[in-house]
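Try each task yourself before reading its solution.

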Amino acid sequence: MEADRVIRALSALAQEHRLAAFRLLVQAGEQGVAAGVLAEKLDVPPSSMSFHLAQLANAGLVTQRRESRSIIYSADYAAMNGLMGYLTENCCGGLSCSEDAACLPSPQRKSA
């Protein structure tokens, strides 16, 4: 993932309503959520929700599709995983992290 795309994604998520909307979309799965439903759940005016969703879409974090009169938004899991991969690619000293020891401090560095 390119650094400029990472910066756009992190910038888009660095706002309370956009972060909350993205988390709801991740939880919703591939079926997604209508923009109006997101606005209601987050208690955000529909016009503001549209602006926030446009920012997430511009950052490549969400996709949209039309169903009848609604626009359904879904999290772009490939983009999310790419962002997470970029942020964690050098964790654990560049070694592959195991499930049970993922990025935990080594025993000699733990405080007593």
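**Exercise 1. Find out whether Arg8 counts as buried, partly exposed or exposed, and which residue it pairs with.**

Step 1. Arg8 has a relative accessibility of 37%, which makes it partly exposed; the classes are buried under 20% relative accessible area, exposed over 50% and partly exposed in between, with a 1.4 Å probe and protein chains only. The model is a predicted one, where local features need pLDDT of at least 70, side-chain atom pairs count only at pLDDT 80 or more, and totals for chains, interfaces and linings use all residues. Residues are numbered from 1 along each chain as its sequence is written, and side-chain values use heavy atoms, without hydrogens and water.

Step 2. The partner of Arg8 is Asp4, in a salt bridge whose closest N and O atoms are 4.0 Å apart. A salt bridge here is a side-chain nitrogen of Lys or Arg within 4 Å of a carboxyl oxygen of Asp or Glu.

Step 3. Helices are DSSP runs of H or I with at least four residues, numbered from the N terminus. An α-helix has 3.6 residues a turn, so residues three or four places apart point the same way.

Step 4. Asp4 is partly exposed as well, at 48%.

**Exercise 2. Count the salt bridges in the whole structure and describe the one formed by Glu67.**

Step 1. The search gives 2 salt bridges.

Step 2. Glu67 pairs with Arg65, and their closest N and O atoms are 3.1 Å apart.

Step 3. Glu67 is partly exposed at 41%, and Arg65 is partly exposed at 33%.

**Exercise 3. Where do the buried residues of helix 5 lie, seen down its axis?**

Step 1. Ala79, Met80 and Leu83 are buried in helix 5.

Step 2. The buried residues fall within an arc of 100 degrees, so they line one face of the helix; the arc is taken from the directions from the helix axis to the C-beta atoms.

Step 3. Their cover includes helix 1 and helix 2.

Terms used:
Helix = DSSP H or I, 4+ residues; strand = E, 2+ residues; numbered from the N terminus. Contact = heavy atoms within 4.5 Å.
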